[in-house]
2 protein chains.
Amino acid sequence: MDSPSPGGGELERLMQLLARIPGLGPRSARRAALHLMRKREALLVPLAEALTRAAANVRRCGVCGNLDSTDPCAICRDARRDTSILCVVEDVADLWALERAGAYRGRYHVLGGTLSALDGVNPDDLAIPSLLARARSPEVHEVILATNATVEGQTTAHYIADRLIGNEVKVTALAHGMPMGGELDYLDDGTLGWAIKSRHPVS
Amino acid sequence: MDSPSPGGGELERLMQLLARIPGLGPRSARRAALHLMRKREALLVPLAEALTRAAANVRRCGVCGNLDSTDPCAICRDARRDTSILCVVEDVADLWALERAGAYRGRYHVLGGTLSALDGVNPDDLAIPSLLARARSPEVHEVILATNATVEGQTTAHYIADRLIGNEVKVTALAHGMPMGGELDYLDDGTLGWAIKSRHPVS
């Protein structure tokens with residue numbers, strides 16, 4: 001028992017795991033652990049249950065790659081959404097950002113990242129083959145490329161546009177208006193809504 | 001199913017709970033939730049288990065107020081620690097800070113906060129009665145007042161010193177050297193170690 005770890009092994013382990021959440025470092029993980037212990041019934045127990053339930057039930061949608069308790073996800077199951085438009089995003093966070101903006105009522109396709117020669121990310125590592133398959137469906141009339149306005153995002157968008165242009169489907173991209181170097185999840189809803197409304201065909 | 005919440009109810013609830021952790025706001029809670037879903041086996045499941053185990057097993061030490069899986073805590077059970085000195089701290093985070101500094105090998109007493117007329121915190125709302133009882137034990141020769149160098153911390157220390165001085169027990173305070181307005185948990189280990197080594201009697 002030489003120099004016991006603070007709070008015993010269980011609290012120590014909890015702090016180590018909390019410190020691995022993005023946005024929390026070792027110090028804020030300690031503060032978070034103490035806060036959780038203080039709010040045992042109001043926060044700690046519900047959070048443990050929510051994590052357990054999310055681990056058991058939340059999965060990737062087999063159609064679009066969104067995260068949801070059901071597969072297909074609520075968006076893919078929603079009969080009132082326009083099935084003729086696919087909006088291609090890098091990440092689920094970007095899909096959520098567009099949903100918050102409320103300017104889009106079609107379906108989505110989550111790539112799961114961007115192409116990167118440096119990191120060895122090839123088209124087959126992303127949900128690009130399944131996107132090309134979905135875009136070939138006669139039901140789909142338009143594919144909106146809504147990747148981030150970064151070099152990687154635009155490179156990925158160009159790669160996809162090259163594969164799609166010449167097919168029956170119309171390929172569009174989010175309107176300029178996004179700040180250069182900006183990321184979708186950090187835009188305000190107004191800018192995002194404007195960008196989706198003034199999307200333009202890719203020539 | 002009008003405008004489905006992102007990721008369904010379970011993910012939404014997880015994000016709401018994560019947003020209530022100090023250091024995480026709504027946006028970082030969304031990022032944290034996505035990160036957890038991506039690291040399901042490596043982080044989400046272990047974190048859920050650690051929280052469940054902490055909720056079930058970690059409790060306040062009945063002697064000193066520390067948090068540990070056992071009661072009394074590992075520090076109170078450690079026979080090699082000096083039982084003749086009590087170090088009085090505001091919070092468990094301060095106890096941990098002193099343990100990290102490694103300059104103190106006595107026992108602790110966690111007050112659970114500071115006196116505050118404004119917030120209606122009276123001596124009976126803190127672990128002050130139990131401290132006075134412990135300090136009356138013939139085994140205890142010294143009480144170190146290690147509250148924060150804030151107005152509230154020093155007010156609380158003065159109140160306790162007033163109750164203890166005149167008894168058999170020696171009352172000391174952390175050495176000056178702590179920056180004014182600073183909080184114990186934010187000091188570097190060197191300053192903390194120095195402050196505990198050059199503690200002085202309260203006159």
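B:Tyr159 counts as partly exposed, at 23% relative accessibility. The residue belongs to a predicted model. Over all chains, the structure holds eight salt bridges.

**Around B:Tyr159**

- B:Tyr159 sits in helix α7 of chain B, which covers residues 151-164.
- The cut-off for buried is under 20% relative accessible area, and exposed means over 50%. B:Tyr159 has 23%, so this residue falls in the partly exposed class.
- Which residues does B:Tyr159 touch, leaving aside its neighbours within four places in sequence? The contacts are B:Leu115, B:Pro123 and B:Ile128.
- B:Ala54 is 105 residues from B:Tyr159 along the chain. The C-alpha atoms of these two residues are separated by 34 Å.

- B:Thr147 lies in the loop between β5 (142-145) and α7 of chain B.
- Is B:Thr147 buried or exposed? B:Thr147 counts as buried, at 3% relative accessibility.
- A polar atom of the B:Thr147 side chain lies 2.9 Å from the backbone oxygen of B:Gly153.

**How the two copies are related**

- A rotation of 180 degrees superposes chain A on chain B. The shift along the axis is 0.0 Å, and the RMSD is 0.1 Å.
- Which C-alpha of chain A is nearest the axis? That of A:Ala48 is, at 2.4 Å.
- Of the interface residues of chain A, 98% are also interface residues in chain B. The copies therefore meet through the same surface.

**The interface**

- The area buried between chain A and chain B is about 6,000 Å². Carbon and sulfur atoms give 63% of that area.
- Twelve residue pairs are in polar contact between chain A and chain B, with both residues at pLDDT 80 or more.
- Two salt bridges are found across the interface of chain A and chain B.
- A:Asp91 forms a salt bridge with B:Arg38. The closest N and O atoms of this pair are 2.9 Å apart.

**Salt bridges within a chain**

- In chain A, A:Arg80 forms a salt bridge with A:Asp78. The closest N and O atoms are 3.6 Å apart.
- In chain B, B:Asp78 forms a salt bridge with B:Arg80, with the closest N and O atoms 3.6 Å apart.
- B:Asp78 is buried, with a relative accessible area of 2%. B:Arg80 is exposed, with 54%.
- The side chains of B:Glu49 and B:Arg53 also meet in a salt bridge, at 3.9 Å from N to O.
- Where do B:Glu49 and B:Arg53 lie? Both are in helix α3 (residues 40-57) of chain B, four residues apart, about one turn of the helix.
- Why does that spacing matter? An α-helix has 3.6 residues a turn, so residues three or four places apart point the same way.
- B:Glu49 is partly exposed, with a relative accessible area of 42%. B:Arg53 is partly exposed too, with 38%.

**Helix α5 of chain B**

- How many of the ten residues in α5 (residues 92-101) of chain B are buried? Eight are, and the helix is mostly covered.
- The buried residues in α5(B) include B:Val92, B:Asp94, B:Trp96 and B:Glu99. B:Ala93, B:Leu95, B:Ala97 and B:Leu98 are buried as well.
- B:Gly102 follows α5(B). The phi of B:Gly102 is positive, near 70 degrees.

Conventions. Residues numbered from 1 in each chain as written. Chains lettered and ligands numbered in written order. Heavy atoms only, no water. Buried area = accessible area lost by both parts, 1.4 Å probe. Salt bridge = Lys/Arg side-chain N within 4 Å of Asp/Glu carboxyl O. Polar contact = N/O pair within 3.5 Å; in protein donor to acceptor, adjacent residues only side chain to side chain. Helix = DSSP H or I, 4+ residues; strand = E, 2+ residues; numbered from the N terminus. Buried < 20%, exposed > 50% of the residue type's maximum accessible area, 1.4 Å probe, protein only. Least-squares fit on C-alpha atoms with pLDDT ≥ 70 in both. Contact = heavy atoms within 4.5 Å.
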